[in-house]
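Here is a brief report on one structure. Keep the sequence and the coordinates open while reading.

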Amino acid sequence: LAAAAPFLGIEDALAAPQAAPKAPRLVIRRSKDRGTADHGWLKAKFSFSFSRYRDPRHMGFRQLRVINEDVIAGGGGFPMHPHKDMEIVTYVLSGALEHKDSLKNGGIIRPGLVQHMSAGTGIYHSEFNPSKVDSTHLLQIWMLPSKRRIKPGYGQKHFPVAERQNRMRLVASPTGASNSVKIATNVNMYASVLKPKQKVTHVVPHRRHAWLQVARGSIDVNGTKLFQGDGARTSDAGKLVITGRENAEFLLFDLA
């Protein structure tokens, strides 16, 4: 007769090697594959379908509907135009953007200032580069709201580089936690500025999703290299380990 298998007690089970949890599977959206537009005064790249760029494979991800990377020439901009039922966040990377809207808000958005607008039942706004010489480089993000037909709203907060350097800084959330901008959708938006070889981590909870957008520079995410304009998404629970390959800046969206 074959020898009976040894009985494992509680201590043995605890001492037995445990399989390492799987890293979340990443789906990459390379910068070169994004939609593009060139209007002279505006050069734009679209992570998702927008305006005349239509791709049924890339219509958004969870609440994310638009991630546009815009470069606006000096003096260029968007005249007054309407929005409705959308959460809009503007993140300026360089230069400046002058904002005016039908709620009588106005001001200059510069790097470090996260601006949010709830379009709700309807709002008009304009955005112009106030410089006649320098270009403005920005990301504009649209997110689907948790409820339609809400009252329009506006908010902005400044997050110094020191608060984002080599750490994940919550900059927008549905509750306004950690002094973040309060948005009307179930999304937590983080910003980080990484130096080479510096690491930050983000744990994707069960039944949550994540999208990471590289604003500039390059990073490594769980062994996958991402460069400026690249995006990566996952719907798997687990840890994302993000390492700077060169000076880099990125946004991470924790989504329902």
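This is a predicted model: local features need pLDDT of at least 70, side-chain atom pairs count only at pLDDT 80 or more; totals for chains, interfaces and linings use all residues.

## Cavity

Strand 17 and strand 20 (231–234) each supply at least two residues of the largest cavity's lining.

How many cavities of 30 Å³ or more does the structure hold? There is one. The largest cavity has a volume of about 40 Å³. Its lining consists of Leu 26, Ala 210, Trp 211, Leu 212, Val 221, Ala 232, Thr 234 and Leu 240. By class, seven of the lining residues are nonpolar and one is polar. No charged residue takes part in the lining of the largest cavity.

As a general point, strands of a sheet pair through backbone hydrogen bonds, either parallel or antiparallel.

Strand 2 covers residues 35–38 and strand 3 covers residues 42–46. They pair in the antiparallel sense over four bridges. Which residue of strand 3 is the bridge partner of Asp 38? It is Lys 43.

Strand 7 and strand 8 form a hairpin with four residues between them. Lys 104 lies in that turn and has a positive phi of about 70°.

## Positive phi in loops

Most residues other than glycine have a negative phi. Lys 197 is not a glycine, yet its phi is positive, at about 75°. Where does Lys 197 sit? Its place is in the loop between strand 15 (187–194) and strand 16 (199–204). Lys 197 has 73% relative accessibility, so it counts as exposed, the cut-off being over 50%.

Arg 207 is not a glycine either, and has a positive phi of about 65°. Arg 207 lies in the loop between strand 16 and strand 17 (209–216). Is Arg 207 buried or exposed? At 79% relative accessibility, Arg 207 counts as exposed.

## Salt bridges

The structure holds ten salt bridges. One of them joins Asp 33 and Lys 32, with the closest N and O atoms 3.3 Å apart. Asp 33 is partly exposed, with a relative accessible area of 40%. Lys 32 is exposed, with a relative accessible area of 70%.

Arg 208 forms a salt bridge with Asp 254, where the closest N and O atoms are 2.9 Å apart. This pair links distant parts of the chain, 46 residues apart. Arg 208 is in the loop between strand 16 and strand 17, and Asp 254 is in strand 22 (residues 248–255). Arg 208 has a relative accessible area of 13%, so it is buried, since buried means under 20%. Asp 254 is buried too, with a relative accessible area of 6%.

Glu 249 forms a salt bridge with Arg 216, and their closest N and O atoms are 2.8 Å apart. This pair also links distant parts of the chain: Glu 249 in strand 22 and Arg 216 in strand 17, 33 residues apart. Glu 249 is buried, with a relative accessible area of 6%. Arg 216 is partly exposed, with a relative accessible area of 32%.

How values were computed
Residues are numbered from 1 along each chain as its sequence is written. Side-chain values use heavy atoms; hydrogens and water are left out. Two strands pair if DSSP finds at least two bridges between them. Buried means under 20% relative accessible area, exposed over 50%, partly exposed in between (1.4 Å probe, protein chains only). On a 1 Å grid over the protein atoms alone, a cavity is a set of points where a 1.4 Å probe fits but cannot get out, and a pocket is an open set with protein on both sides within 12 Å along at least five of seven lines; lining residues have an atom within 4 Å of a point. Grid points are joined across faces, edges and corners, and a volume is the space filled by probe spheres set on the points. Ala, Val, Leu, Ile, Met, Phe, Trp, Tyr, Cys and Pro count as nonpolar, Asp, Glu, Lys and Arg as charged, and the others, Gly among them, as polar. A salt bridge is a side-chain nitrogen of Lys or Arg within 4 Å of a carboxyl oxygen of Asp or Glu.
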